[in-house]
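Hello,

Here is the structure I said I would pass on. Please open it next to this email and follow the residues as they come up.

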Amino acid sequence: MIFSRFLKINFVNARTCGAVKIIFTKNDVEKSYFLYAVIFTFFIKWLIMKKTTVCGGNMKTGVIGIGAIAGVHLAVLEKMGADVVALCDIDTEKCHAANEKFGFSARVYSSYIEMLDKEELDIVHICTPHYLHAEMICHALKKNINVLCEKPVAISYEQLDMIEAAVNSSRAQ
């Protein structure tokens, strides 16, 4: 377990493989948002590069929100040869364009709830506007799907509490 003033990271050695759980505290967000965001951004880049396989097999990956930042996620996933099986955006044309651009054959959804219900995902990347993050994180965690979310993960203390409760009740790592 690594503690710092800005971030608490809990490395969990699960039966399948090592995993990483990030725990956010209200004071961190309130006092040091800028530095916290910078640290989180670099950590996510490292996580994408180091933690995309489970015991030698590619994780089944889904991406919600195919806007500007999703292009970065999709480019890295493509470069790594990740198994992107589902893309979701309210504008499904963006999903089809991403499939074509990055060479994926992912199924396309216009509803993230439908995608999370139908697909057997190991991880979902949430690349939507910030006010949608908490609801999507909680829904994915209820399905025991690992989450990689763009910052900020929440925009209120209530949302942080909701996410914390979802993390504690989920088997996702």
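**Overall picture**

Among contacts in the protein between residues at least 6 apart in sequence, 52% join residues at least 24 apart. Please keep in mind that this is a predicted model. The protein has seven helices and 10 strands. Of its 173 residues, 43% count as buried.

**The cores**

The largest nonpolar core holds 25 residues, and Ile64, Met115, Leu116 and Val124 touch the most other members. At least two residues of this core come from each of strand E7 (83-88), helix H5 (112-118), strand E9 (123-126), helix H6 (133-142) and helix H7 (157-169). H6 gives the most, with six residues. Another core lies apart from this one; it has 14 residues, among them Ala70, Leu74, Ala106 and Cys127.

Which residues is Met115 in contact with, leaving aside its neighbours within four places in sequence? They are Gly62, Val63, Ile64, Ala86, Leu87, Cys88, Tyr109, Leu121 and Val124.

**Cysteines**

How many disulfides does the count come to? The count is zero. For Cys88, the nearest cysteine sulfur belongs to Cys95 and is 6.3 Å away, and Cys88 is in no disulfide. A disulfide needs two cysteine sulfur atoms within 2.5 Å. Cys88 counts as buried because its relative accessibility is 3%, under the 20% limit. Cys138 is buried as well, with a relative accessible area of 6%.

**Helix H6 and what surrounds it**

H6 is mostly covered, as seven of its 10 residues are buried. These are His133, Ala134, Met136, Ile137, Cys138, Ala140 and Leu141. The buried residues of H6 pack against strand E6 (60-64), H5, E9, strand E10 (146-149) and H7.

Glu135 also sits in helix H6. Is Glu135 buried or partly exposed? Glu135 is partly exposed, because its relative accessible area is 48%, which falls between the limits of 20% and 50%. Not counting residues up to four places away in sequence, Glu135 touches Tyr112 and Met162. Glu135 and Met162 are 27 residues apart along the chain, and their C-alpha atoms are separated by 8.6 Å.

Two residues to look at in the loop between E9 and H6 are Thr128 and Leu132. Thr128 counts as buried, at 13% relative accessibility. Leaving out residues up to four places away in sequence, Thr128 touches Ile64, Gly65, His133 and Met136. Leu132, at 27% relative accessibility, counts as partly exposed.

**Two backbone details**

Most residues other than glycine have a negative phi, and most peptide bonds are trans. With that in mind, two places can be checked in the backbone.

- Asn144 follows H6 and lies in the loop between H6 and E10. Its phi is near 60°, a positive value in a residue other than glycine. At 25% relative accessibility, Asn144 counts as partly exposed.
- The peptide bond from Lys151 to Pro152 is cis, with omega near -10°. Pro152 lies in the loop between E10 and H7.

**A pair of helices**

Two packed helices are described by the angle between their axes and the distance between the axes. Helix H3 (residues 68-80) and helix H4 (residues 92-102) pack at an angle of about 35°, and their axes are 11 Å apart. Their crossing is right-handed. Which residues make the contact? On the H3 side they are Gly71, Leu74, Ala75 and Glu78, and on the H4 side Ala98, Lys101 and Phe102. By class, this contact of H3 with H4 has four nonpolar, one polar and two charged residues.

Regards

Definitions and conventions:
Residues are numbered from 1 along each chain as its sequence is written. This is a predicted model: local features need pLDDT of at least 70, side-chain atom pairs count only at pLDDT 80 or more; totals for chains, interfaces and linings use all residues. Side-chain values use heavy atoms; hydrogens and water are left out. A nonpolar core is a set of buried Ala, Val, Leu, Ile, Met, Phe, Trp, Tyr and Cys residues joined through side-chain atoms within 4.5 Å. Buried means under 20% relative accessible area, exposed over 50%, partly exposed in between (1.4 Å probe, protein chains only). Helices (H or I, at least four residues) and strands (E, at least two) are DSSP runs, numbered from the N terminus. Contact means heavy atoms within 4.5 Å. Axes are lines fitted to C-alpha atoms, for helices over the stretch in contact, and angles run from 0 to 180 degrees between N-to-C directions. A crossing is left-handed if the near helix is turned anticlockwise from the far one by less than a right angle, and right-handed if clockwise. Ala, Val, Leu, Ile, Met, Phe, Trp, Tyr, Cys and Pro count as nonpolar, Asp, Glu, Lys and Arg as charged, and the others, Gly among them, as polar.
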